Amino acid sequence: MTTRLHAADLAAQLADGSVTSVEATQAQLDRIAAVDGDLNAFLHVDAEGALATAADVDARRAAGETLPTLAGVPIAVKDLINTTGQPTTAGSKILEGWVPPYDATVVGRLRAAGLPILGKTNLDEFAMGSSNEHSAYGPARNPWDTSRIPGGSSGGSAAAVAAFEAPLALGTDTGGSIRQPGAMTGIVGVKPTYGGVSRYGVIAMASSLDQVGPMARSVLDAALLHEVVAGHDPRDSTSIDAPVPSVVEAARRGDVAGLRIGVVREFAGEGFQPGVQRRFDEAVAKLADAGAEIVEVSCPSFTHGIAAYYLVMPSEVSSNLARFDAMRYGLRVSPEGNPSPSAEQVMAATRDAGLGDEVKRRIILGTYALSSGYYDAYYGSAQKVRTLIAQDFNAAFDQVDVLFSPTAPTTAWRLGEKSDDPLAMYLEDVCTIPANLAGVPGISVPIGLADDSGLPVGGQFLAPAQADDRLYNAGAALERLVPAPVLEEVVR
């Protein structure tokens, strides 16, 4: 039953010799073999590499070496993050089978801390999506109901953690892609302050928005992983050269007495599923009963977040994906019936065959927004709205310590339900996008099951930049007030 343990509890058992890392890692690999055929959470499993790391940790521990806290605890990694020895596909056919020649900084830190990497998890292609349905390798499925989406784009990581295939996972969050799937699968998901975790070696979607973060079954577990991967990296020009906030200490504290919690007026009402709203209102009441001061705040620019995001993000996508040109690495397709194609013709044929519809949609939208004559009207205006959103955050944090809202307006929907309506899917990120536009940190914590769907609901805390410890303190307190629902059916 080691697969059911929280990472902190497993780490304690590894340290006292109750279980070995090889045993724990093999148990996770057995669990993946048993259930992942139904979930498709993993795109690649590296049993040999994971067991080798586990054996090394066991040998070092037996020799009396002092090891990092999470040494020997297995982890899954989103397949957008470079790993030597394992493919990194970004969920796209254009990178099928590509094995990076170097590790991302966060992967290097996992290896240095002794965490066996179980494999690479499924995602929307190049992290573009809110449902994991845009993966070129088929969608991951929600372990609460396999007819439903697990959220996206880090849906594979969320499903793996929720289904006890891994105690920990790394995801990436560009507009909510850690927090939203965390909410929809009943786990904890954290988007750190922008620049708080290195992006070096992470395939870029939108460079000013992307952030790597932890996914776990408890706030403390997420904090322990955050502490491993965070910190300055000179290879990432956007990395913050400052100490990592005391997130583990904050997660162990978990006390909201006297904390000023702002409830965002714009994140309620029309468009929010009644069952989600009820669980959120109950969570607010419990926070108040625990001694928090609840303050209603207005952030009017947040209502324009989706419009601004879907201009800024596709513009950066258009730039970042230009590197997939069939010339340097990845897929290369020659046009049919053309024995001597030009470089442009090969590039066009390769992108047509290797990229999915959602990726093409965003490239086209971004290229249009950046084109001559439209740059100021679209991209320039979106950047101005982005500034207004940051100003709304600053004004709100002058009044309160953290903000609290639902993580997503609905629970997980059925596969295919929104596939023909991209705008409806984009609206699922209404609560999460402002944090990415402003660079502030956010955490999603389970707050129960919606009574109108029986599916998990998440509550989201947001904090000022570099105040990630506030998230963990508030999240841990909420976790004690509203215990996370247990996925007993998946366990059986």
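The model is a predicted one, so local features need pLDDT of at least 70 and side-chain atom pairs count only at pLDDT 80 or more, while totals for chains, interfaces and linings use all residues. Residues are numbered from 1 along each chain as its sequence is written, and side-chain values use heavy atoms, with hydrogens and water left out.

**Pockets**

- The largest pocket holds about 330 Å³; a pocket here is an open set of points on a 1 Å grid over the protein atoms alone, where a 1.4 Å probe fits, with protein on both sides within 12 Å along at least five of seven lines.
- Its volume is the space filled by probe spheres set on the points, with grid points joined across faces, edges and corners.
- The largest pocket has 19 lining residues, and His6, Arg217, Ser218, Ala484 and Val486 lie nearest its centre; lining means having an atom within 4 Å of a point.
- Helices α1 (7-16) and α7 (219-229) each give at least two residues to the lining of the largest pocket; helices are DSSP runs (H or I, at least four residues) numbered from the N terminus.
- Sorted by class, that lining comes out as ten nonpolar, four polar and five charged residues, with Ala, Val, Leu, Ile, Met, Phe, Trp, Tyr, Cys and Pro taken as nonpolar, Asp, Glu, Lys and Arg as charged, and the others, Gly among them, as polar.
- The second largest pocket has about 230 Å³ of space.

**Helix α7**

- α7 is mostly covered, with nine of its eleven residues buried (under 20% relative accessible area, 1.4 Å probe, protein chains only).
- Among the buried residues of α7 are Val219, Leu220, Asp221 and His226.

**Surface spots**

- Tyr368, Tyr374 and Tyr378 make up a nonpolar surface patch with about 280 Å² of accessible area together; such a patch joins nonpolar side chains (Val, Leu, Ile, Met, Phe, Trp, Tyr) within 5 Å, from residues with over 30% relative accessible area and no salt bridge (a side-chain nitrogen of Lys or Arg within 4 Å of a carboxyl oxygen of Asp or Glu).
- Accessible areas come from the Shrake-Rupley method with a 1.4 Å probe.
- Tyr374 sits in the loop between α12 (357-370) and α13 (376-397).
- Because its relative accessibility is 35%, Tyr374 counts as partly exposed, which is the range between buried and exposed (over 50%).
- Ala55, in helix α3 (residues 47-62), is partly exposed too, at 38% relative accessible area.

Notes: Patch = residues over 30% accessible without salt bridge, like charges linked within 9 Å, V, L, I, M, F, W, Y side chains within 5 Å.
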